[in-house]
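Please keep the sequence and the model in view while reading the numbered points.

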Amino acid sequence: MPRHPLADVLAAEPGVIERRSQFGHPVAFWVHGREVAHFEGDDVLELRLTRPVVRAERAALRGDPRFTLRPSASDWVELRVAPGDQADAADALAWFRRAVAAHRPT
């Protein structure tokens, strides 16, 4: 599978390490020893936002049709990112930064 166009942007964020996913994806992004994101195909970015962030942002996440929340109290969400859509890419980066911030040591 070719490298996702957002991969270099995400990998360049401070404190982010790119390496293989613990879930079998060839590319994943890690912060402080935790996998915080990986791509699921060409148009889905899976993000580990943490349960507190998902809880706090539940209304916004449910109100945006690009998001898929997992059942129960999962800290992972799926974000559809249309290939070539700059607004989607900007939103993906903003949510990725939320995931990174949630996993940085306090």
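How many aromatic pairs does the count come to? The first point below takes up this question.

1. Aromatic pairs. The count comes to 4 aromatic pairs. Rings of Phe, Tyr and Trp (its six-membered ring) pair if their centres lie within 6.5 Å; planes under 30 degrees apart count as stacked, over 60 as edge-to-face and the rest as tilted. One of the pairs is that of Phe-29 and Phe-39, which is edge-to-face, with 6.0 Å from centre to centre and 85° between the planes. Phe-29 belongs to strand S2 (residues 28–31) and Phe-39 to strand S3, so this pair ties together parts that are 10 residues apart in sequence. Phe-29 is buried, its relative accessible area being 0%, and Phe-39 is buried as well, at 7%. Here buried means under 20% relative accessible area, exposed over 50%, and partly exposed in between (1.4 Å probe, protein chains only).

2. Basis of the model. The model is predicted: local features need pLDDT of at least 70, side-chain atom pairs count only at pLDDT 80 or more, and totals for chains, interfaces and linings use all residues. Residues are numbered from 1 along each chain as its sequence is written, and side-chain values use heavy atoms, with hydrogens and water left out. Helices (H or I, at least four residues) and strands (E, at least two) are DSSP runs, numbered from the N terminus.

3. Phe-67 is buried, with a relative accessible area of 7%, and Trp-95 is buried at 14%. The ring centres of Phe-67 and Trp-95 are 5.2 Å apart and their planes stand at 75°, so the pair is edge-to-face. Phe-67 lies in strand S5 (residues 67–69) and Trp-95 in helix H3 (residues 86–103), so the pair ties together parts that are 28 residues apart in sequence.

4. A charge over a ring. Which ring does the charged end of Arg-19 sit over? The ring is that of Trp-30, and the distance to its centre is 3.9 Å. The rule requires NZ of Lys or CZ of Arg to be within 6 Å of the ring centre and within 35 degrees of the ring normal.

5. Salt bridges. The structure holds 10 salt bridges, each defined as a side-chain nitrogen of Lys or Arg within 4 Å of a carboxyl oxygen of Asp or Glu. Among them is the bridge of Arg-3 and Glu-18, whose closest N and O atoms are 2.7 Å apart. This pair links distant parts of the chain, with Arg-3 in the segment before helix H1 (7–11) and Glu-18 in strand S1 (residues 17–19), 15 residues apart. Arg-3 is partly exposed at 40% relative accessibility, and Glu-18 is partly exposed at 32%.

6. Arg-97 and Glu-13 meet in a salt bridge of 3.0 Å, N to O. Arg-97 is in helix H3 and Glu-13 in the loop between H1 and S1, 84 residues apart. Arg-97 is partly exposed, at 42%, whereas Glu-13 is buried, at 15%. Arg-66 and Asp-91 form another bridge, of 2.9 Å, N to O. Arg-66 lies in the loop between helix H2 (51–63) and S5, while Asp-91 lies in helix H3, 25 residues apart. A network of salt bridges links Asp-64, Arg-66, Asp-88 and Asp-91.

7. Is Glu-35 buried or exposed? Glu-35, in strand S3, is buried yet has no salt bridge, and the nearest side chain of opposite charge, Arg-48, is 6.3 Å away. For charge, Lys and Arg count as positive and Asp and Glu as negative; His and the chain ends are not counted. The side chain of Glu-35 does make a polar contact of 2.7 Å with the side chain of His-38. A polar contact is a pair of N or O atoms within 3.5 Å; within protein, one must be able to donate a hydrogen and the other to accept it, and residues adjacent in sequence count only if both atoms are side-chain atoms.

8. Asp-43. This residue is found in the loop between strand S3 (34–39) and strand S4 (44–48), and it is partly exposed at 30% relative accessibility. Beyond four places in sequence, Asp-43 touches Leu-79, Arg-80, Val-81 and Pro-83, where contact means heavy atoms within 4.5 Å. With Arg-80, the side chain of Asp-43 makes a polar contact of 3.2 Å.
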